[in-house]
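Reader: I would like to go through the terms used for this model one by one. Please set each value against its cut-off.

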Amino acid sequence: MGKMEVKAFGTPDEVRTFDKGMVELIKVGNAVIGRATLQPGWKWSESVKPIAKTASCEAPHFQYHASGILHIKMDDGTERDCKPGDVSLAPSGHDAWVVGDEPVVLIDFQGMADYAREKAPK
């Protein structure tokens with residue numbers, strides 16, 4: 001039988017920072033959950049693309065939007081604004097940016113394990 005685990009974003013296991021944003025990661029069981037804080041002016045293709053070195057974001061995201069408005073544009077042209085209280089699923093292949101002057105805070109249950117981290121050379 002497994003043991004109970006309780007973790008808090010106030011004491012994350014890892015913090016990754018990038019232009020106009022940061023991700024705090026906690027590991028619970030086999031899951032890595034990330035809290036992203038994205039400042040006004042943040043855009044994946046400008047702030048994270050130089051780290052990821054991919055044409056668009058390849059991390060799939062399953063996320064709860066706590067505050068701010070995040071615009072997600074899929075490579076196929078589909079676009080949506082995600083607002084506080086929304087839960088979104090964004091598969092690989094997208095760009096995203098903060099809309100307006102309020103920071104975006106979201107909790108990602110899927111795509112943060114390798115987010116904003118350079119890929120190891122093959």
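Reader: Why is cysteine 82 called buried?

Author: Buried means under 20% relative accessible area, exposed means over 50%, and partly exposed lies in between (1.4 Å probe, protein chains only). Cysteine 82 has a relative accessible area of 6%, so cysteine 82 is buried. A word on the source: this is a predicted model, in which local features need pLDDT of at least 70 and side-chain atom pairs count only at pLDDT 80 or more, while totals for chains, interfaces and linings use all residues. Residues are numbered from 1 along each chain as its sequence is written, and side-chain values use heavy atoms, with hydrogens and water left out.

Reader: What makes cysteine 57 buried or exposed?

Author: The relative accessible area of cysteine 57 is 3%, so cysteine 57 is buried. Across the chain, buried residues make up 39% of the 122 residues.

Reader: How do you know that the sulfur of cysteine 82 is too far from the closest cysteine sulfur for a bond?

Author: A disulfide is a pair of cysteine sulfur atoms within 2.5 Å. The closest cysteine sulfur to that of cysteine 82 is in cysteine 57, 13 Å away, and therefore too far for a bond. The search of the whole structure finds zero disulfides.

Reader: Why is tyrosine 64 called partly exposed?

Author: Tyrosine 64 has a relative accessible area of 36%, so the label is partly exposed. Tyrosine 64 is placed in strand E4.

Reader: Which residues form the nonpolar patch on the surface?

Author: Phe62, Tyr64, Val87, Leu89 and Phe109 form the patch, with about 510 Å² of accessible area together. Strand E4 (61-67) and strand E7 (87-90) are the elements that give two or more residues to it. Patch residues have over 30% relative accessible area and no salt bridge; like charges are joined within 9 Å, nonpolar side chains (Val, Leu, Ile, Met, Phe, Trp, Tyr) within 5 Å. A salt bridge is a side-chain nitrogen of Lys or Arg within 4 Å of a carboxyl oxygen of Asp or Glu. Accessible areas come from the Shrake-Rupley method with a 1.4 Å probe; for residues, only the protein chains shown count as cover.

Reader: How many helices and strands does the chain have?

Author: There are two helices and nine strands. Helices (H or I, at least four residues) and strands (E, at least two) are DSSP runs, numbered from the N terminus.

Reader: Why does the radius of gyration agree with a compact globule?

Author: The radius is taken over C-alpha atoms, and the globule rule is 2.2 Å times the number of residues to the power 0.38. For 122 residues a compact globule would have a radius near 14 Å, and the chain has 14 Å, so the two agree.
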